[in-house]
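Then follow the helix pairs and a few single residues.

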Amino acid sequence: MAYNIGGMLAQSGQGIGRTIGGGFADLGAGIGTGIGGMLTRRRERQALEEARKIINQYSTAGNINPGMLTKKAQEAEAAGNDQLAKLYRQGAEQANTNMVAGQNLTAYNQLATQAGLSPEEASIGVRGLIAGQYKDPSAALKGTMDTQQMVKSKANKEYAVEQLKAEGLEDIANDIERGLYTDAQVGSVLANARQAKAAAEQGQAGLEAFVTTAGLSDTTFGQAVAEGKLENVPSSLISKMATEAINERQTTELVKNLKAMDREEAKEAAELLELGVITDEGAKKLVVEGKRGPKISTSNMKQYVLDDGRVVWGGDITVDGNERKAYRDPQNPNNIIDLPAEAVELKGEARIRGEDLRLAGIQLAEEPKFSDLAATDQEKAKVAFASKYNELITKKKTNEEALAGAKAHALSLIEQKTEEGIKIFGLEVPFTGETTTKIKENSSKDFDAMWNSYD
């Protein structure tokens, strides 16, 4: 079992490179104008570019040499360039960190092999070391073994929920309790949540390393981390987004496999999974039960937002000859649940997909008004963002315009939050859970009039 240690540590050099780029403004401050100033700025740029290359070279696995970077810092100090000396010293510190991390990973690999762990099982400890969750190889091995034991435990879900709540990760604990993750996924959800939280507490370099080791570089979350958009976001919120990103990758693979199956129920499961109105477990149950499930027919199916912020797939559903207003249980689509009177119909040409809600969460994460909301309120704010974003896209707005407009819309609704609730989609959608607005079947005309007044 072997891991590409150099690749895992490469992100650290990139973080230092950005620091140098940011430091250029300080280095250039106070330099005069005119030809003399231009020549000085050119020399400063050359010095920065040289420093960038040297720091990347001596802080990357295989060539790590903190002593060389310390020497460069001393030379810069002797030349009177304190700012450049500071950058070299930061590079030396990162090189030391990478050197220790490389030694720890090598030692952990040996311990994991001796313990008989598979590469997939051992990856828990690898990510934990990179994220800073574990301080040494022995602690990483113990944490990995404990996680494996917990996965096999009958009290798996209860234990994970208890641990997550104790570590301030209530939102993820609530997701587990709501059934968003299968029993088989709970162990990895707990491990990933802890590692993401630890990485966020390490700062930008820690987050980038986590994204690389978790294979999330091509996800919306990974791209946001690479662009530095989540630097000031609370670690608990980052942990939730990272956990969702890992699950998103698994869901994408499941959708691909379902679409490849030549079965009507598999294609239906793939469509509902993409909309985010059923879970991975629900999709599997829909396919496995197939024709054996109850005889279900549907009409006027639309997306609705429940009082807890969840988006569900509901409408006129007939089960074994009995029709009612209901929605399909996300964990088991063959289980039909009555649609609450408080449910809010999502209107518009474009449907909200699971990935739209994840995008909304990332775009709103750095806003204190959003991060300060309770979990249920955050879900509703994400729905508001996603709905407005899709509306603007269908109106031929650019992606940048749609993102800006959706964020402004969601933040405006959050600002209007009162004990009576706030207005989303032309209806009263309570953010506090204290009041609700009932949607009566005989008031569809009033409903449409109210909705159209907000166009």
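A nonpolar core is a set of buried Ala, Val, Leu, Ile, Met, Phe, Trp, Tyr and Cys residues joined through side-chain atoms within 4.5 Å. Buried means under 20% relative accessible area, exposed means over 50%, and partly exposed lies in between (1.4 Å probe, protein chains only). This is a predicted model, where local features need pLDDT of at least 70, side-chain atom pairs count only at pLDDT 80 or more, and totals for chains, interfaces and linings use all residues. Residues are numbered from 1 along each chain as its sequence is written, and side-chain values use heavy atoms, with hydrogens and water left out.

**The whole protein**

The protein has 19 helices and 7 strands. Helices (H or I, at least four residues) and strands (E, at least two) are DSSP runs, numbered from the N terminus. Of the 455 residues in the protein, 48% are buried. The accessible surface comes to about 22200 Å². Carbon and sulfur atoms hold 48% of that surface. Such areas come from the Shrake-Rupley method with a 1.4 Å probe; for residues, only the protein chains shown count as cover.

Contact means heavy atoms within 4.5 Å. Take the contacts between residues at least 6 apart in sequence: 59% of them join residues at least 24 apart.

**The cores**

Which residues have the most contacts inside the largest nonpolar core? They are Phe 210, Leu 216, Phe 221, Leu 230, Ile 238, Met 241 and Phe 385, in a core of 37 residues. Several elements give two or more residues to this core, among them α9 (183-202), α10 (204-213), α11 (220-226) and α12. Met 241 touches Phe 221, Leu 230, Val 233, Gly 361, Ile 362 and Ala 365, leaving aside neighbours within four places in sequence. A second, separate core has 28 residues, including Ala 270, Val 305, Val 319 and Val 344.

Helix α10 is largely enclosed by the rest of the structure, because 8 of its 10 residues are buried. Among these buried residues are Leu 207, Ala 209, Phe 210 and Val 211. Gln 204, Glu 208 and Thr 213 are also on the buried list. Just after α10, Gly 215 takes a positive phi of about 70°.

**Two helix pairs**

Two packed helices are described by the angle between their axes and the distance between the axes. Here, axes are lines fitted to C-alpha atoms, for helices over the stretch in contact, and angles run from 0 to 180 degrees between N-to-C directions. Angles under 35 degrees count as roughly parallel, over 145 as roughly antiparallel, 65 to 115 as roughly perpendicular and the rest as oblique.

| Helix pair | Axes come within | Axes cross at roughly |
|---|---|---|
| α8 (170-177) and α12 (235-260) | 8 Å | 40° |
| α15 and α18 | 11 Å | 75° |

So α8 and α12 are oblique to each other. Asp 171, Ile 172 and Asp 175 of α8 meet Ser 239, Lys 240, Thr 243 and Glu 244 of α12. The residues of this contact divide into 1 nonpolar, 2 polar and 4 charged. For these classes, Ala, Val, Leu, Ile, Met, Phe, Trp, Tyr, Cys and Pro count as nonpolar, Asp, Glu, Lys and Arg as charged, and the others, Gly among them, as polar.

By their angle, α15 and α18 are roughly perpendicular to each other. Leu 359, Gln 363 and Leu 364 of α15 make the contact with Leu 403, Lys 407, Ala 410 and Leu 411 of α18. The contact of α15 with α18 has 5 nonpolar, 1 polar and 1 charged residues.

**Single residues**

Is Ser 235 buried or exposed? Ser 235 counts as buried, at 18% relative accessibility. This serine lies in helix α12. Ser 235 touches Lys 197, Ala 200 and Glu 201, not counting residues up to four places away in sequence. Ser 235 and Gly 168 are 67 residues apart in sequence and 9.6 Å apart in space, C-alpha to C-alpha.

Gln 331 sits in the loop between β3 (322-329) and β4 (332-338). Gln 331 is buried, with a relative accessible area of 16%.

Most residues other than glycine have a negative phi. Lys 396 has a positive phi of about 70° although it is not a glycine. Lys 396 is in the loop between α17 and α18 and counts as exposed, at 75% relative accessibility. Asn 300, in strand β1 (residues 296-305), has a positive phi near 55°.
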